[in-house]
Amino acid sequence: MQTRDTLPDSTDYTLERREFFRIEDRVGLEVHKLTPSAGFDENPFGDDHLENLEAEFRRLDQDIKSQLASLADQDRLLTGLVKSLNGKLDTLARIMAFQQNPLQPEDWQDVTLSEGGLAFCASPQAWQTGDRLAVRMTLPPELSRPRAVAEVLDIQADETGRARVHTGFIRIHDSDRQQIARHVMRWQIRQRQKE
């Protein structure tokens, strides 16, 4: 499984790019503090048994997408039908995944999200700078569920007695980062369409 560690980059271009690709959204958020001795590959969410199935699902999805490109040149009607069936299966898979582990209303939060990390509200005593967190997000409307290991970079108390916890991803699979990137782009497109 390919992973990529994210290291802070001080160049102005990277900061501007991250700012541009940062959104304010409401997502399902599950956060677990990792012990200092915990390995990066430890899974606190209790769904290890699904990892192989999810990897196979992603592999098959990529196969279909690559074959659709060549089929499009030969038969447009059949390509449209296969795309529709693939979309239907994707929707069914998302529904099943969500029903299997439904989030409670309190699990949905307003966050600031980018490919590099996220910020969310919590009790001021819940986290400390330097804590490592296992994070899993549910991103609507697609209901994709990227996960990452994040480090608490900063905690800022607000006037309501809560704190804004700023984190940076220190370990994230490329496929999870791509899910976040697609979600951010789709969110920005939807916002432009509303204007």
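## Strand pairing and overall architecture

Two strands are treated as paired if DSSP finds at least two bridges between them. The structure described here is a predicted model. Its protein chain has four helices and seven strands, and from the N terminus on these elements follow the order β-α-β-α-α-β-β-β-β-β-α.

Of the 195 residues in the protein chain, 35% are buried. The accessible surface of the chain is about 12,400 Å², with 53% of that area belonging to carbon and sulfur atoms. Where contacts join residues at least 6 apart in sequence, 68% of them link residues at least 24 apart.

## Pairing around strand β2

Strand β2, residues 23-33, runs antiparallel to strand β3, residues 108-114, and six bridges join the two. Within this pairing, Gly28 has Trp108 of β3 as its bridge partner.

Strand β2 also pairs with β5 in the antiparallel sense, again over six bridges. Here Lys33 stands opposite Leu133 in β5.

Strand β5 (residues 132-138) and strand β6 (residues 147-157) are antiparallel and are joined by five bridges. Arg136 stands opposite Arg147 of β6. The loop between β5 and β6 contains Pro141, and the peptide bond joining Pro140 and Pro141 is cis, with omega about 0°.

Strand β6 continues the antiparallel arrangement with strand β7 (residues 163-173), to which eight bridges join it. In this pairing Glu151 is placed opposite Gly168 of β7. The hairpin of β6 and β7 has five residues between the strands, and in it Gly161 adopts a positive phi near 90°.

Thr167 belongs to strand β7. Its relative accessibility is 7%, and Thr167 therefore counts as buried, the cut-off being under 20%. The side chain of Thr167 reaches the backbone oxygen of Leu118 at 2.7 Å.

Residues up to four places away in sequence aside, Thr167 touches Gly116, Gly117, Leu118, Phe120, Leu133, Ala150, Glu151, Val152 and Leu153. One of these, Glu151, is the residue that stands opposite Gly168 in β7, and another, Leu133, is the β5 residue opposite Lys33.

## Helix α4

Helix α4 comprises 21 residues, 174-194, and reaches 30 Å from its first C-alpha to its last, close to the 30 Å expected at 1.5 Å a residue. The buried residues in α4 are Asp176, Arg177, Gln179, Ile180, Ala181, His183, Val184, Trp187 and Gln188. An α-helix has 3.6 residues a turn, so residues three or four places apart point the same way.

Among the buried residues of α4 is Ile180. Apart from neighbours within four places in sequence, Ile180 is in contact with Leu113, Ser114, Glu115, Met137, Leu139, Pro146, Phe169 and Ile172.

## The largest nonpolar core

The largest nonpolar core has 22 residues, and those with the most contacts inside it are Leu113, Leu118, Phe120, Met137, Phe169 and Ile180. Two or more residues of this core come from each of β2, β3, β4 (117-122), β5, β6, β7 and α4.

Key: Residues are numbered from 1 along each chain as its sequence is written. This is a predicted model: local features need pLDDT of at least 70, side-chain atom pairs count only at pLDDT 80 or more; totals for chains, interfaces and linings use all residues. Side-chain values use heavy atoms; hydrogens and water are left out. Buried means under 20% relative accessible area, exposed over 50%, partly exposed in between (1.4 Å probe, protein chains only). A polar contact is a pair of N or O atoms within 3.5 Å; within protein, one must be able to donate a hydrogen and the other to accept it, and residues adjacent in sequence count only if both atoms are side-chain atoms. Contact means heavy atoms within 4.5 Å. The expected span of a helix is 1.5 Å times one less than its number of residues. A nonpolar core is a set of buried Ala, Val, Leu, Ile, Met, Phe, Trp, Tyr and Cys residues joined through side-chain atoms within 4.5 Å. Accessible areas come from the Shrake-Rupley method with a 1.4 Å probe; for residues, only the protein chains shown count as cover.
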